[in-house]
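Please view the model alongside the text.

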Amino acid sequence: MKDIHRTELKQGIADFETAMSANRLDGKTPTFSRSRGKAISRINSCIMAFDKYCDSINELYSSTSIYMHSASGLFDQVEDDNTRKK
């Protein structure tokens, strides 16, 4: 039996990847390099933490995309196994 929702799943994955690319977070904020002091160091620490946060979100979306492709491939494999003549 052919799953009529597989095409919709694949389209959903493609839509997710399009949105992921369009909304990629670029957290590469320049830090203060000409100034010194405790306050500047703390600001720079916050900037670096924000950069790491952005990288983590991008990694989360990338991992989700990989998972969805893997799941889709497993659905395809199950479909092939079920339709193969014995």
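## Accessibility and the basis of the model

A residue counts as buried when its relative accessible area is under 20%, as exposed when that area is over 50%, and as partly exposed in between. Asp-55, at 37% relative accessibility, is therefore classed as partly exposed. The model described here is a predicted one, and every value quoted below is computed from it.

## Packing of H1 against H2

Helix H1, which covers residues 6-22, packs against helix H2, which covers residues 38-83, at an angle of about 165°, and the two axes lie 11 Å apart. Because angles over 145 degrees count as roughly antiparallel, H1 is roughly antiparallel to H2. The crossing that H1 and H2 form is left-handed.

On the H1 side, the residues that take part in the contact are Arg-6, Leu-9, Lys-10, Ile-13, Phe-16, Glu-17 and Met-20, and they meet Tyr-61, Ser-62, Thr-64, Ser-65, Met-68, His-69, Ser-72, Phe-75, Asp-76 and Glu-79 on the H2 side. Sorted by class, this contact of H1 with H2 contains 7 nonpolar, 5 polar and 5 charged residues.

## The salt bridge

How many salt bridges does the count come to? The count comes to 1 salt bridge, in which the side chains of Lys-28 and Asp-55 meet at 3.1 Å, N to O.

## Two residues of H2

Is Ser-65 buried or exposed? Ser-65, which is found in helix H2, has a relative accessibility of 5% and so counts as buried. Ser-65 and Asp-80, which are 15 residues apart in sequence, are 23 Å apart in space, taken from C-alpha to C-alpha.

Asn-44 also has its place in helix H2, and its relative accessible area of 11% makes this residue buried. With its neighbours within four places in sequence left aside, Asn-44 is in contact with Thr-31 and Phe-32.

Definitions and conventions: Residues numbered from 1 in each chain as written. Predicted model: local features only at pLDDT ≥ 70, side-chain atom pairs only at ≥ 80, totals over all residues. Heavy atoms only, no water. Axes fitted to C-alpha atoms, helices over the stretch in contact; angles between N-to-C directions. Helix = DSSP H or I, 4+ residues; strand = E, 2+ residues; numbered from the N terminus. Parallel < 35°, antiparallel > 145°, perpendicular 65-115°, else oblique. Left-handed = near helix turned anticlockwise from the far one by under 90°. Contact = heavy atoms within 4.5 Å. Nonpolar A, V, L, I, M, F, W, Y, C, P; charged D, E, K, R; others polar. Salt bridge = Lys/Arg side-chain N within 4 Å of Asp/Glu carboxyl O. Buried < 20%, exposed > 50% of the residue type's maximum accessible area, 1.4 Å probe, protein only.
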